[in-house]
Amino acid sequence: MLRPVPDTDGAPFWEYAAQGELRVQACAACGELRFPPRPCCPLCQSFESEWRRVSGRGRVWSYVVAHPPLLPDYAAQAPYNVVVVELDDAPRIRLVGNLVAGAGQPLGSLPPESVRIGARVRAVFHDGLPQWVPERS
């Protein structure tokens with residue numbers, strides 16, 4: 001799997017993920033939540049920021065199933081999904097990841113036909129990376 005290459009602004013996101021926490025950058029001046037992380041608030045232009053913990057719950061906003069994969073290292077895992085998740089407590093923030101059967105499960109651990117727009121999901125973490133799992137009622 002490709003590993004993230006954190007930049008200065010995004011490094012805290014990955015540090016928190018390695019601890020099993022989903023946090024997003026927020027403006028310390030006006031409170032605006034933002035993702036991807038960046039040095040300046042798009043709302044008030046403040047350079048002050050903080051990292052706020054979010055619930056990790058959301059819904060599948062969009063998805064795609066890769067057939068065939070673009071990178072050879074992913075061939076054995078195809079078909080697999082890539083989901084865009086809209087967060088419940090930050091609805092303008094959408095994160096990209098994979099929907100899997102459970103933390104640490106491989107890509108493709110859920111059948112492609114089981115992925116649905118609007119499906120409730122929650123974040124889990126494996127090896128420092130966020131993944132998404134179906135939320136059970």
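1. Does Phe-35 count as buried, partly exposed or exposed? In this predicted model, Phe-35 counts as partly exposed, because its relative accessibility is 27%, and a residue would have to fall under 20% to be called buried.

2. Phe-35 belongs, together with Phe-13 and Trp-14, to one aromatic cluster, and the count of aromatic pairs comes to 4. Phe-13 and Trp-14 form an edge-to-face pair, with 4.9 Å from centre to centre and 85° between the planes. Within this pair, Phe-13 counts as buried at 5% relative accessibility, whereas Trp-14 counts as partly exposed at 25%. The ring centres of Phe-13 and Phe-35 are 5.3 Å apart and the planes stand at 55°, so this pair is tilted. Because Phe-13 lies in helix H1 and Phe-35 in the loop between strand S2 (33-34) and strand S3 (49-53), the pair ties together parts that are 22 residues apart in sequence.

3. Phe-13 is also among the residues touched by Arg-23, whose other contacts, leaving aside residues up to four places away in sequence, include Tyr-16, Trp-51 and Val-54. Arg-23 lies in strand S1 (residues 23-27) and is buried, with a relative accessible area of 18%. The side chain of Arg-23 makes a polar contact of 2.6 Å with the side chain of Glu-21, and a polar atom of the Arg-23 side chain lies 3.2 Å from the backbone oxygen of Trp-51.

4. On the surface, Leu-2, Leu-70 and Leu-71 form a nonpolar patch whose accessible area together is about 360 Å². Leu-2, which is found in the segment before helix H1 (11-18), counts as exposed at 59% relative accessibility.

How values were computed
Residues are numbered from 1 along each chain as its sequence is written. This is a predicted model: local features need pLDDT of at least 70, side-chain atom pairs count only at pLDDT 80 or more; totals for chains, interfaces and linings use all residues. Side-chain values use heavy atoms; hydrogens and water are left out. Patches are made of residues with over 30% relative accessible area and no salt bridge: like charges are joined within 9 Å, nonpolar side chains (Val, Leu, Ile, Met, Phe, Trp, Tyr) within 5 Å. Accessible areas come from the Shrake-Rupley method with a 1.4 Å probe; for residues, only the protein chains shown count as cover. A salt bridge is a side-chain nitrogen of Lys or Arg within 4 Å of a carboxyl oxygen of Asp or Glu. Helices (H or I, at least four residues) and strands (E, at least two) are DSSP runs, numbered from the N terminus. Buried means under 20% relative accessible area, exposed over 50%, partly exposed in between (1.4 Å probe, protein chains only). A polar contact is a pair of N or O atoms within 3.5 Å; within protein, one must be able to donate a hydrogen and the other to accept it, and residues adjacent in sequence count only if both atoms are side-chain atoms. Contact means heavy atoms within 4.5 Å. Rings of Phe, Tyr and Trp (its six-membered ring) pair if their centres lie within 6.5 Å; planes under 30 degrees apart count as stacked, over 60 as edge-to-face and the rest as tilted.
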